[in-house]
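This report covers helix packing, strand pairing and a chain contact. Please look at the structure first.

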Amino acid sequence: MILPINSAKNNIYFSAENNKKSQEKNTEEKGKQLPYSKDTPLKNNFATRTRIAFDKFTNALTLYPAKGIKGSRNSNFYEFLTMGSVPYIIGSLMLMSVFNSANKHFDVFSKTKAGPIGNKMALGVLFYGIAKHISKSFVNTPVKALTGVDVNIPYAKFVNEHPEYVDDTDLTSIEYHKVYESVDFPYWNMLINENNGKPRNEYFDKIAKKLGMGTNLNDSDQEVKPLIKEIVTKTRTATNLSSYLWAATGVALAFQDPWEDFFKVMTLKFWDKKKFFKAAETFKDSLVDSAKALYHGEGKGLQKHAGKILLGAAVASSLLGVINVMNISGKPSKLSAGDVIDKKEKYVVN
Amino acid sequence: MNTNLIHNYIRNNNVSMGNSQNQNHPAFSVQDKLYNRNFIKPLPPTAKLVDGGILNAPAELAKDWVYEAKSLKAGIQGKANDHQLGKLNDVGMKLGGLAIACYLAAKKSTPLTKAMEFIGLGSFLAAMSLWPKIAIQLPAKLIHGINTRQSYEDSFGRKKPFSLDPQFLPFDLYSDKKIDKIGNWQRVPKDMPNRRDFIQEKMRKEFVQNNTLWMLTAGFATPVLSGLICNFATPYIERGLEKYDNKMNEKMLEKFPDSVAAARNNSLNHKIETFIQFNKDKPINKNFVDELTKLFTDGVQPVLADGIKEDLASLLDNKKFVIDNSLTEHINKNLTLALAENFDDEIIQHIVPTTDQISDVFTKGNYLDRAYTAEEHRSIITDLRNLLLKNVDAYNAVEGNTPINREFIEDLISNVDIEADPIKKGLKKVPARIFDVNTQATVKSIAEAITNFNAKEKVLHKYAYKKVAHAADSTLAIEYNRMTKQLVPILGISPEDFEKARYDRELMNKLLRKTFIRIASNKDEYGRVMGELADVVSGLDTNIKDSDISSYKKHLSNSFNDSASDFDKLNMKKTAQRLVGMNRASGNGSYKKVMEEFVSDRLSGVKYAMYRLISTLDMFRRIETLENASVLTDAGVPRAIKEQHLEMAMREAIQAHSSDYAVKFYDPRDPHPNLDDFSNIEISADGTPKYEYLGKEKLKKVDIPQDYKYFQKSMQLMHGDAMHSESVTILKSKNLLDKLNEYRKNIVEILGGEFYFIKPEHIATIQKESTSEQRFLLSGIALDELFTKLSKATHNTNKWLKMFGGFAAGLFAITVGSQFFFGRVKVPEYTNNKGQKNA
């Protein structure tokens with residue numbers, strides 16, 4: 001259903017540029033203040049990442065489901081994807097409880113049998129997530145260092161929303177996206193310097209230099225953009241495949257026997273310092289022992305070497321991924337045209 | 001109607017396209033073209049909705065795979081688009097899942113647990129895709145008539161979900177007919193203007209709401225659903241796998257020589273070859289023997305390894321040593337070291353014999369380059385010691401003021417311990433035995449013999465393990481579970497009572513007693529229960545046949561005897577002895593015997609548990625009918641005593657361990673029973689015995705050592721009397737009678753025949769020696785314990801199912817219920833084409 005736009009009296013401008021005024025007005029009236037008034041590139045550092053993760057996480061648990069379940073006009077694909085973290089979190093907790101909650105009703109013997117399996121499963125889910133997340137940097141970081149292309153540059157997107165009801169003045173929101181989110185349509189504008197006194201193509205110049213295409217290019221952006229696309233695509237391919245192998249390694253790590261030592265002393269009661277630190281210490285020891293157990297294995301043949309093979313596959317996938325990225329196909333040849341033409345041969349020019 | 005922006009623009013701004021065009025194409029009118037707008041049409045779209053029907057699924061799946069392969073190629077080349085990269089994420093997820101399953105499967109050693117890892121992962125993936133289908137897609141279809149998981153193929157042939165991005169819903173792909181149908185289903189007024197827009201808005205809302213619901217519920221649902229699927233699937237998979245495994249196991253033994261050939265691992269032979277290459281013609285010293293022993297005993301049964309070690313030591317090391325010129329310096333050094341603590345270097349230089357002096361001793365005695373005898377060994381030592389003492393004397397003659405004490409020196413250089421004696425130790429430096437061609441051949445033969453034995457042992461081990469091991473997926477364990485699971489329904493115990501009794505043995509004891517009395521007091525019921533129990537037990541005999549076990553024992557015996565004679569031929573007596581025993585006929589104390597007994601014992605343990613149940617039930621029937629119940633019908637026994645016998649038999653049959661038999665039942669008894677009443681035992685209508693005396697006086701646990709007949713009569717009542725005529729008929733028809741009779745006879749003789757020094761006369765019939773293992777197995781698991789364990793296991797499964805089954809049901813209800821609140825859009829006020837306003 002289309003609602004009448006009668007908010008014209010509030011001076012709503014449907015453009016990112018001129019929105020400051022309405023922002024100020026909103027601030028006065030409703031106390032809502034957005035950190036950005038237009039699409040803004042952000043620095044990819046720890047502070048930003050943490051802030052974005054926190055923002056997304058809290059929204060995924062509160063605002064987005066509330067909007068979604070009401071079927072809001074402004075619920076969009078971004079919100080749906082952000083909510084995708086909810087089943088992961090609930091699922092991990094649920095998996096722990098599937099094994100552990102029924103446990104307290106069991107007799108002692110059954111408890112000791114079922115407990116470690118359940119805990120290992122839960123730890124497995126946790127390590128799956130952590131390994132999957134962290135392992136992406138095994139490809140992304142070398143790629144960034146070698147090519148200058150950071151596939152994770154974030155930007156804040158300023159969103160104009162539909163009015164939900166007549167007299168709805170809360171018509172803006174912020175979403176956090178990544179510049180290279182789409183390889184088909186990267187948000188190039190976020191990478192260009194505008195009105196800040198620096199060279200317009202500073203970013204592309206840097207990458208061109210890193211890729212060995214020389215400096216002082218006339219249109220570095222035009223030269224570099226196809227290469228960036230290729231790098232991003234290859235990096236994304238590598239991370240999509242390798243991160244799951246790392247996740248599998250994480251699960252395998254969680255399924256090692258030394259963890260049982262940790263399960264015996266684990267506690268979340270951080271106020272009981274003695275117990276908590278003991279648990280943390282045991283966690284560290286168990287982690288080291290489990291890593292060793294995973295690597296060395298037990299028994300013979302495949303049974304013994306399965307851990308090594310899995311770890312090897314994960315490392316190899318990341319490594320091959322980086323190598324593949326560095327093997328850039330569209331790079332202009334360093335030979336000049338004169339060298340390419342063999343003067344002894346005959347050429348026909350139509 | 002949509003606003004035509006171009007139209008408006010032209011009209012409002014009065015666009016003029018200039019004169020030049022008019023001159024060139026006088027008939028061309030921009031206004032005309034723009035109004036008609038037929039020259040700016042895009043290409044006709046070819047997108048379509050994907051048919052999600054089950055018939056279409058295989059084709060769609062194949063298409064997806066091809067697309068994924070293409071995406072991978074494009075991704076690696078750096079040419080993939082966003083959609084292809086998204087697909088690669090799915091590929092990665094599958095790859096990771098497979099990697100986890102493979103790793104976990106490789107880690108576990110038995111096929112069933114291996115399969116369970118796959119089932120676990122499979123059920124998780126199944127739960128993940130099932131939940132949105134049954135809890136969201138299906139109810140939405142039924143309630144709103146929409147497909148929330150509709151896919152469409154865009155004009156480029158890329159398959160995409162239709163409803164995930166609410167701001168890009170290509171509704172054009174829905175025909176008017178389809179939309180109308182959905183609208184009718186949702187009871188949208190048929191006469192409203194812009195009905196399609198209204199229905200689409202409703203659908204958009206429903207899509208958003210359903211997607212949100214999916215994200216909110218999936219986390220709760222998937223693990224629980226996965227657990228439930230696993231729980232239901234396991235028994236079926238277990239049964240199938242078990243049958244297959246058992247068959248493969250049988251086959252392995254049937255084709256024993258082939259299986260042995262397949263199990264043969266030549267790595268030991270290769271290792272020995274390498275060892276020979278590195279060590280040939282070298283002297284055989286202690287390190288050499290140790291190294292070789294380590295090679296041979298790696299992974300060998302410890303008992304056997306000890307035998308091999310001893311044999312190798314005596315075979316290779318003949319304890320003889322050679323004297324050569326290298327010893328002169330060696331002994332000189334040893335002596336210098338031995339004295340260094342107590343004397344200055346200067347003195348040591350004077351008194352320790354030089355290499356030349358030592359060499360002289362060797363040459364004079366003609367000891368060089370050959371092995372010395374024990375006698376020669378002694379004289380060499382004496383010669384060398386004397387040589388040193390002579391030096392001391394010479395030194396003392398010069399340095400008369402501070403003479404060196406001869407005896408002290410003698411003490412320092414002589415010791416009983418070879419390692420502490422510098423001369424003795426020095427003489428043991430070069431072993432006489434060389435690793436020559438003959439010895440190499442012997443070592444090779446030993447390696448061959450051990451390799452042969454290992455292969456046979458491996459096959460036999462595998463067979464025995466699979467058949468009877470104390471492991472969750474051995475045939476015996478599965479059979480045991482199969483049998484015990486049937487017991488509760490056969491005995492007709494109500495599940496509620498059964499679960500309640502799990503807390504305590506005493507509760508279970510009472511419940512079992514009540515049940516047995518109920519069954520035994522009713523002829524028909526007794527016939528049914530006994531018949532069904534006999535069927536359960538004979539099931540074991542079909543899955544683990546006697547012929548299987550005897551065949552295993554035959555192969556075991558042949559293999560071990562063959563290997564033992566191989567070792568004998570190689571002069572490895574100790575190894576052969578460990579293998580088949582000193583007394584080869586009995587094989588007592590040998591590895592062979594251990595492997596034999598293992599199988600028999602495990603099997604007996606399970607069988608006897610079942611036999612005990614049958615025998616106990618039979619006893620209850622005998623008591624109820626007072627048939628074949630010797631002591632209870634004995635006119636010469638006072639009633640008070642009969643009652644005690646009766647009570648004890650009922651209790652002990654259910655709860656006695658072998659230790660209770662060993663102490664001849666330390667039981668609550670009335671120390672001063674009434675000995676005047678010789679009337680008969682009475683059984684009330686409901687089957688419970690009527691006690692005239694028992695329970696009137698307070699019972700005490702008293703030992704009456706002289707009353708040995710009490711024990712004898714109790715044993716007779718419980719196990720000695722012939723079985724009830726009804727039992728005999730039933731068991732005979734099931735081919736179990738002989739086995740039961742033998743079992744009961746063994747109990748009387750072995751458990752009843754044990755000597756107890758406090759009550760030496762308490763012997764049932766004959767005094768018989770037995771091992772504790774035999775006694776333990778004979779008594780079987782106490783029935784109350786068996787049922788308590790069973791009850792706990794049942795309870796655990798039920799508890800889990802109750803908790804999470806209930807949770808899943810509740811979640812499902814909420815998820816489906818919320819569907820009724822979705823898609824609510826207020827119908828606007830409108831006037832229909834007949835001019836009527838809606839209400």
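H10(B) passes H19(B) in a right-handed crossing. The model is a predicted one. In chain B, helix H10 spans residues 267–279 and helix H19 spans residues 437–468. Their axes lie 9 Å apart, and the packing angle is about 165°. An angle over 145 degrees counts as roughly antiparallel, so H10(B) is roughly antiparallel to H19(B).

Which residues of H10(B) meet H19(B)? They are B:Leu268, B:Asn269, B:Ile272 and B:Ile276. On the H19(B) side, the partners are B:Gln440, B:Val443, B:Lys444, B:Ala447, B:Glu448, B:Ile450 and B:Thr451. By class, this helix contact has six nonpolar, three polar and two charged residues.

**Strand pairing**

Chain B holds an open sheet of three strands, in the order E5-E4-E6, with antiparallel pairing. Strand E5 (370–371) and strand E6 (430–431) of chain B are its edges. Each of these edge strands pairs on one side only. E4(B) covers residues 321–323 and is joined to E5(B) by two bridges. Here B:Val322 sits opposite B:Ala371 of E5(B).

Chain A has antiparallel pairs too: E1(A) with E2(A), and E2(A) with E3(A). Strand E1 of chain A takes in residues 40–41, and strand E2 of chain A takes in residues 154–160. Strand E3 of chain A runs over residues 172–178. A:Thr40 faces A:Ala156 in E2(A). A:Lys157 has A:Glu175 in E3(A) as its bridge partner.

| Strand pair | Sense | Bridges |
|---|---|---|
| E4(B) and E5(B) | antiparallel | two bridges |
| E1(A) and E2(A) | antiparallel | two bridges |
| E2(A) and E3(A) | antiparallel | seven bridges |

**The contact between chains**

How many residues does each chain bring to the contact? Chain B brings 49 residues and chain A brings 50 residues. Four helices of chain B each supply at least two residues of the side that touches chain A: H4 (57–77), H5 (82–107), H8 (195–254) and H34 (783–818). H8(B) gives the most to that side, with 16 residues. The side of chain B that touches chain A divides into 26 nonpolar, 15 polar and eight charged residues.

Technical notes
Residues are numbered from 1 along each chain as its sequence is written. Chains are lettered from A and ligands numbered from 1 in the order in which they are written. This is a predicted model: local features need pLDDT of at least 70, side-chain atom pairs count only at pLDDT 80 or more; totals for chains, interfaces and linings use all residues. Two residues are in contact if their C-beta atoms, placed from the backbone, lie within 7 Å. Ala, Val, Leu, Ile, Met, Phe, Trp, Tyr, Cys and Pro count as nonpolar, Asp, Glu, Lys and Arg as charged, and the others, Gly among them, as polar. Two strands pair if DSSP finds at least two bridges between them. Axes are lines fitted to C-alpha atoms, for helices over the stretch in contact, and angles run from 0 to 180 degrees between N-to-C directions. Angles under 35 degrees count as roughly parallel, over 145 as roughly antiparallel, 65 to 115 as roughly perpendicular and the rest as oblique. A crossing is left-handed if the near helix is turned anticlockwise from the far one by less than a right angle, and right-handed if clockwise.
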